[in-house]
Amino acid sequence: MTAGLVVLGATGDLTARYVLPGLARVEPLVDGGLRLVGVANDDLDDDGFRALVREKVAGHADGRVDPAVGALVDRAVWVHGDVTDPATLSAAIAACEVSDADPLVVYLALPHVLFLPVVHALAEVDLPSGVRVVVEKPFGEDLAGAVELNAALARLLPEDQIFRVDHFLAKQTVLNLLGLRFANRILEPLWTSTDVASVDIVFDETVDAQSRASYYDRSGALRDMVQNHLLQLLTYVAMEPPTSMAPADLASRKADVLKAVRTPDRESVARWTRRGRYTAGEVDGRAVDGYTDAPGVDADRGIETYAEVTLHVDTWRWSGVPFRLRTGKALSADRREIVVRFRDVPLHVFDGPAPVRNELRLQLDPDRMSLDLNVNGIDDPFKLETVTLDTELARQDPTPYGQLLLAVIDGDTRLSARATEAEEGWRIVEPILAAWADGAVPLEEYPAGSDGPS
Ligand SMILES: NC(=O)C1=CN([C@@H]2O[C@H](COP(=O)(O)OP(=O)(O)OC[C@H]3O[C@@H](n4cnc5c(N)ncnc54)[C@H](OP(=O)(O)O)[C@@H]3O)[C@@H](O)[C@H]2O)C=CC1
Ligand SMILES: O=C1O[C@H](COP(=O)(O)O)[C@@H](O)[C@H](O)[C@H]1O
């Protein structure tokens with residue numbers, strides 16, 4: 001397949017840690033003549049960029065695609081310049097040397113404040129018909145910003161050529177939610193407020209925010225993780241069955257969920273949310289400075305490194321079921337999972353303690369699935385025991401970013417958010433941010449390496 005990939009911000013952290021390693025596992029692209037063009041203000045040249053690509057791609061290839069990686073590296077081209085200058089963008093697109101209808105991806109791996117200026121600059125460029133524009137996160141800084149960016153993108157290209165990528169949608173366990181729910185008969189009848197008591201969507205990280213503090217201190221946990229990633233997971237858990245897996249069907253069902261999330265008012269923010277910030281501590285035997293001691297952090301901004309929000313999806317299916325979304329940095333363990341907690345049985349007919357609630361756990365990275373069930377005990381057959389059905393899924397390959405890149409080149413928008421979803425995300429979190437800024441919820445402290453605010 002002939003295709004072009006222009007990475008704007010090619011010397012950045014995202015490119016080095018996610019985009020280039022993602023390419024390592026995508027043989028159809030690497031083998032098939034993908035031309036990679038890197039752009040940034042840095043004084044690199046073709047050789048310098050090729051060395052970077054070799055290091056980041058080959059380092060993740062496990063030896064599987066080495067010859068092809070060599071070809072990808074040899075075809076890579078560097079374009080120096082300001083990405084807000086249409087001349088830079090034209091030069092980068094021309095350097096891809098693809099024909100008009102071939103897929104050509106312009107990937108905005110840039111600080112988010114540049115998204116709008118770059119979209120404006122792209123409007124002055126003669127774009128080939130096969131162009132796709134990838135926008136990273138955060139998609140705007142608030143609802144008004146997201147609306148403005150969406151409007152600029154809509155003037156530039158049709159919606160199916162715009163990719164508001166969310167790599168969480170490419171994670172195996174997240175995709176499995178679709179298969180699990182809509183390719184099996186047994187779960188869907190139970191997947192309502194009649195049988196489900198609550199849902200937790202948890203993304204606890206041991207990693208701290210230090211290395212990305214200059215970005216993080218203008219974002220915080222709610223904007224960085226909840227507005228996008230965790231709300232996207234919520235859509236997969238809570239959506240109605242789509243009539244097909246076609247991008248438009250899936251996107252409509254996801255948007256329905258977000259639209260049904262109740263807008264938090266000040267009182268519910270005070271009752272249903274928590275925020276925290278880590279102090280000095282130890283994570284996995286590693287000493288971690290307090291968040292406010294990281295270079296680039298302004299303690300007065302009061303940015304949270306931990307966020308917990310309970311949302312309500314006002315639909316017939318989910319009325320009364322709390323969805324708790326939680327994420328934080330510098331926590332004791334990487335706990336990344338979706339937990340569906342079922343209601344108690346209607347009557348206890350066994351002696352002894354009540355049976356435990358059935359819990360379905362979908363764990364991300366490593367991808368595992370487990371279900372707690374009550375069975376009769378071995379010693380006393382009329383006493384209950386709990387067993388766990390547990391399965392670990394094969395390691396995901398390609399990586400989520402590899403999947404995203406493949407999907408974008410294929411023109412498949414299913415691993416991206418639509419315009420409405422981005423705006424709905426802000427409609428949900430903006431009142432929380434406002435109430436927090438207004439002091440409705442205290443900023444609690446937790447030592448790095450703990451389980452979060454006590
Ligand atoms: N890093 C991460 O873990 C993740 C990042 N993201 C998102 O990815 C995007 C990029 O983040 P990240 O890589 O961390 O950011 P970085 O600051 O590390 O990289 C930004 C890149 O943009 C380039 N750049 C900035 N201004 C210009 C300009 N005017 N003209 C040309 N190049 C420019 C920089 O190079 P130079 O200034 O030298 O030109 C650099 O290559 C952001 O939207 C972020 O939110 C999403 C998920 C995870
Ligand atoms: O987008 C982001 O995601 C990462 C976590 O994703 P992972 O796939 O690397 O586990 C998170 O650490 C980061 O803060 C956030 O910006």
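Analyst: **A close look at Asp82 and its surroundings**

Set aside the residues within four places in sequence, and Asp82 is in contact with Asn41 and Thr88. Contact here means that two C-beta atoms, placed from the backbone, lie within 7 Å. The model is predicted, so local features need pLDDT of at least 70 and side-chain atom pairs count only at pLDDT 80 or more, while totals for chains, interfaces and linings use all residues. Residues are numbered from 1 along each chain as its sequence is written, and chains are lettered from A and ligands numbered from 1 in the order in which they are written.

Why pick Asp82? The unreviewed UniProt entry has a "binding site" annotation that covers Asp82, Val83 and Lys137. UniProt positions follow the numbering used here, feature names are shortened, and annotations may be inferred rather than shown by experiment.

Now place it. Asp82 sits in the loop between strand E3 (77–80) and helix H5 (86–95). Val83 is in the loop between E3 and H5 too. Helices (H or I, at least four residues) and strands (E, at least two) are DSSP runs, numbered from the N terminus.

Next, burial. A residue is buried if 20 or more other C-beta atoms lie within 10 Å of its own, exposed if 12 or fewer, and partly exposed in between, with C-beta atoms placed from the backbone. Asp82 has 15 such neighbours, so Asp82 counts as partly exposed. Val83 has 24 C-beta neighbours inside 10 Å, so Val83 counts as buried.

What does Val83 touch? Not counting residues up to four places away in sequence, its contacts are Leu8, Val39, Thr88, Leu89, Leu110, Leu114 and Val118.

Elsewhere in the chain, look at some strands. E14 (residues 359–363) and E15 (residues 368–376) run antiparallel, joined by four bridges. Two strands pair if DSSP finds at least two bridges between them. Gln363 has Arg368 of E15 as its bridge partner. E14 and E15 form a hairpin, with four residues between them. In that turn, Asp365 has a positive phi of about 55 degrees.

E15 is also joined to E16 (residues 384–392), by nine bridges, and the two run antiparallel. Across that pairing, Leu371 stands opposite Leu389 in E16. In a regular strand, side chains alternate between the two faces of the sheet.
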